[in-house]
Amino acid sequence: MLTIENLTKAFDDQTVLKNITVSFREGETTAILGPSGSGKSTFLRAIDLLEIPESGRIAINDLEVTFPSNPTFKEKKNYRQYFSIVFQAYNLFPHFTVLQNIMEGPVQVKGVSKDQARQKAIQLLTRVGLADKQNAYPAQLSGGQQQRVAIARALAMEPLFMLYDEPTSALDPELSNEVLLTIQQLAEAGNSQIVVTHNLEFARKVADRILFMDQGQLLFDGSTELFFRNKKDRIQQFIQQIA
């Protein structure tokens, strides 16, 4: 269980997260929806401590971080063992092969042997449909393939929660579908996932639960079915604008 209480984040004099309180259960896929500038990506980055909140509390399992605080590098590393984050940009090492990209984290961060890391990387590449690309370099792959490698790399760290920040926003529709299908398959397998997205059809099809944010506030937290049936003007306005 990931629990967040009264999380607040500001940049200069603008408050972008306003007392966000929410819990995430293991085994669920949650889609975070909302207009641009609503605080979705900042919220996701705050979960991984890439942005440090001004106030609030985050607890996962028996680990708790209370703000205001300035966690040390060691404290962040210990906390981040529970998460892997996939960004809009793939951020692969261009001079490493696909296999080496996936092995790097487990070997360097977790101390896994190279043989174990290689075996796990091959399994993950098979899982994301790229078993034949293990010796390719990122520049030899399409954008969709690179993003699937990024997902495999994140999974290699065996996180409790996978975090995605608009993972298909830089891709054309065909390549987006490759990545979204991979996330859907992970959802069906029971992985715990939190996905910031503008893709309503993907959210409708894959997410167990929807969070809707606007102007830094959490306006809806409930099942996917209830979100799309919700009659609140702001939610209907958003759905009609995006659809």
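Lys120 counts as partly exposed, at 30% relative accessibility. In this predicted model, the side chain of Lys120 meets that of Glu158 in a salt bridge, with 3.9 Å from N to O. Lys120 belongs to helix H4, whereas Glu158 sits in the loop between H5 and S7, so the pair ties together parts that are 38 residues apart in sequence. Glu158 is exposed, with a relative accessible area of 51%. Side chains of opposite charge can pair when their charged atoms come close.

Arg204 is partly exposed, its relative accessible area being 42%, and Glu201 is exposed at 51%. A further salt bridge links the side chains of Glu28 and Arg25 at 3.1 Å, N to O. Is Glu28 buried or exposed? At 18% relative accessibility Glu28 counts as buried, because the cut-off for that class is under 20%. Finally, Glu5, Arg57 and Glu64 are linked in a network of salt bridges.

Strand S1, residues 2–11, is mostly covered, for seven of its ten residues are buried. Which strands pair with S1? Strand S2, residues 14–24, pairs with S1 in the antiparallel sense over seven bridges, and Leu7 stands opposite Ile20 in S2. S1 and S2 form a hairpin with two residues between them, and Asp12 in the turn has a positive phi of about 55°. Strand S4, residues 55–60, also pairs with S1 in the antiparallel sense, over five bridges. Here Thr3 stands opposite Ala59 in S4.

The interior of the model can now be considered. In soluble globular proteins, nonpolar side chains tend to be buried together. The largest nonpolar core in this model has 35 residues. Within that core, the residues with the most contacts are Val86, Ile102, Val149, Ile151, Met162, Tyr164 and Ile183. Two or more residues are given to this core by each of H3, H4, H5, strand S7 (161–165), helix H6 (173–188) and helix H7 (200–206). Which element provides the largest share of this core? The answer is H5, with seven residues. A second, separate core consists of 29 residues, including Ile4, Phe24, Ile47 and Ile85.

Leaving aside its neighbours within four places in sequence, Ile183 is in contact with Ile151, Tyr164, Pro167, Gln193, Val195 and Phe202. Two of these partners, Ile151 and Tyr164, are themselves listed with Ile183 as having the most contacts inside the largest core.

Helix H3 shows how an element can be covered by others. Eight of the eleven residues of H3, which spans residues 98–108, are buried, and the helix is therefore described as mostly covered. The buried residues are Val98, Leu99, Asn101, Ile102, Met103, Gly105, Pro106 and Val107. What do these residues pack against? They pack against helix H4 (114–127) and helix H5 (143–156).

Gln88 is partly exposed, with a relative accessible area of 36%. Although Gln88 and Tyr164 are 76 residues apart along the chain, their C-alpha atoms are separated by 8.2 Å. Apart from neighbours within four places in sequence, Gln88 is in contact with Gln147, Asp165, Glu166, Ser169 and Ala170. With Ser169, the side chain of Gln88 makes a polar contact to the side chain at 3.3 Å.

UniProt, in an unreviewed entry, places the feature "domain: ABC transporter" at residues 2–240. In the model, the end C-alpha atoms of that span lie 31 Å apart. The span is 38% helix and 26% strand.

Key
Residues are numbered from 1 along each chain as its sequence is written. This is a predicted model: local features need pLDDT of at least 70, side-chain atom pairs count only at pLDDT 80 or more; totals for chains, interfaces and linings use all residues. Side-chain values use heavy atoms; hydrogens and water are left out. UniProt positions are given in the numbering used here, feature names are shortened, and annotations may be inferred rather than shown by experiment. Helices (H or I, at least four residues) and strands (E, at least two) are DSSP runs, numbered from the N terminus. Buried means under 20% relative accessible area, exposed over 50%, partly exposed in between (1.4 Å probe, protein chains only). Contact means heavy atoms within 4.5 Å. A polar contact is a pair of N or O atoms within 3.5 Å; within protein, one must be able to donate a hydrogen and the other to accept it, and residues adjacent in sequence count only if both atoms are side-chain atoms. A nonpolar core is a set of buried Ala, Val, Leu, Ile, Met, Phe, Trp, Tyr and Cys residues joined through side-chain atoms within 4.5 Å. A salt bridge is a side-chain nitrogen of Lys or Arg within 4 Å of a carboxyl oxygen of Asp or Glu. Two strands pair if DSSP finds at least two bridges between them.
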